[in-house]
Amino acid sequence: MSDLARRATDTLSVLGFKLGWSVVRALPERAAYALFDRVAAISVRRGGKGIDRLRSNYRRVRPELSDADLDSLVRQGMRSYMRYYCEAFRLPSLTRAQIDGAVVVRGDAEIRELCARGDAGVVFVGHLGNFDLAAAWSAGSLMPVTTVAERLRPEEVFQEFVAFRRSIDMDIIPLTGGDDPFHGLLDATRSGGRLIALAADRDLTNGGVEVDLLGHRARMAKGPAVLSLMTGAPLFAARIWYEPAPAGSGLGGHRTVIEFSNRLVPRVEGTTAVKAADLIQQCADHVAVAIREHTSSWHMLQRVFVDDLDAPAASSDAAAQTSAMTSAMTSAQPAQPTTGRTT
């Protein structure tokens, strides 16, 4: 991409996000979600590297699907992904009652005991469901969350997301452009009083470990396991997905489910590296259930499987996100308030 084209894309991306932060939260709920359903449809119709990668990832984890069923799943996945963005834009204006009513939590007894003591915990999460809504719920019901975020391009968009996440009491450590993020995670973990939640089902550092994910080799980040082993903080995995909400609850007809694992401990003896690899495999096994059973909630528009890693690089996380969002704010017409969802 030429410098001129990149600047134009960046300008459009900033415009799309600024419109999102300022406009989407002011729309009636049904109109906002209908708009983002429209965005998802536009994104799938236009296609591109992100959509192609989503389809490829879904095909690996759901090999039994026909081409037509796979196409339908991709449309559902993009609707789910755009639902996340709609909720992200609206989240700072939600009340505590609205957040609590949009989240269902299971398997949290052990982690609640940890939080009651004020100790830190480490949580492995995937690119599943609505991580930000889960973090906002945690801030009010468990402990505030600290995480590492990939630096989006352009910088102005990244700063918008940092400000948004800090508004819900989430502390952001940039992956690049600052001090060593792992040192920041060590400090946060040793200080206690926070959950260190890391989206680790994709390796961003080339230093991850290979795991089995639904019968395929995948590369995942080892940070959650190493952090737990070095600090003694308990490690959990959490699968997060969307499901239809009963009448009168949820957001836009859906709610977010969070299901924690029991505390994960190494099943093997050996070095830190050996133990970390075993722990990340356990994490992969936990989130694999949601990836298989709630595939459309897995918003993985990037390469994660080893067989794909030698292919030419696809869109970055930032590029995939901003491409979808600029489609949202520049190509879709706002829906009328009476438009309902068609889920």
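Which residues lie nearest the centre of the largest pocket? Hi everyone, let's start there. They are Val148, Ala149, Glu150, Ala199 and Leu204, part of a lining of 42 residues. Here a pocket is an open set of points on a 1 Å grid over the protein atoms alone, where a 1.4 Å probe fits, with protein on both sides within 12 Å along at least five of seven lines; lining residues have an atom within 4 Å of a point.

A quick word on the source: this is a predicted model, where local features need pLDDT of at least 70 and side-chain atom pairs count only at pLDDT 80 or more, while totals for chains, interfaces and linings use all residues. Residues are numbered from 1 along each chain as its sequence is written, and side-chain values use heavy atoms, leaving out hydrogens and water.

Back to our pocket. By class, its lining has 23 nonpolar residues (Ala, Val, Leu, Ile, Met, Phe, Trp, Tyr, Cys and Pro), seven charged ones (Asp, Glu, Lys and Arg) and twelve polar ones, meaning the others, Gly among them.

Now, the aromatics. Rings of Phe, Tyr and Trp (its six-membered ring) pair if their centres lie within 6.5 Å, and the count comes to five pairs. Trp298 and Phe305 form an edge-to-face pair (planes over 60 degrees apart), at 6.3 Å centre to centre and 80 degrees between the planes.

Finally, the cysteines: Cys86 is buried at 0% relative accessible area, and Cys115 is buried at 12%. Thanks, everyone!

Conventions
Buried < 20%, exposed > 50% of the residue type's maximum accessible area, 1.4 Å probe, protein only. Phe/Tyr/Trp six-rings, centres within 6.5 Å; stacked < 30°, edge-to-face > 60°.
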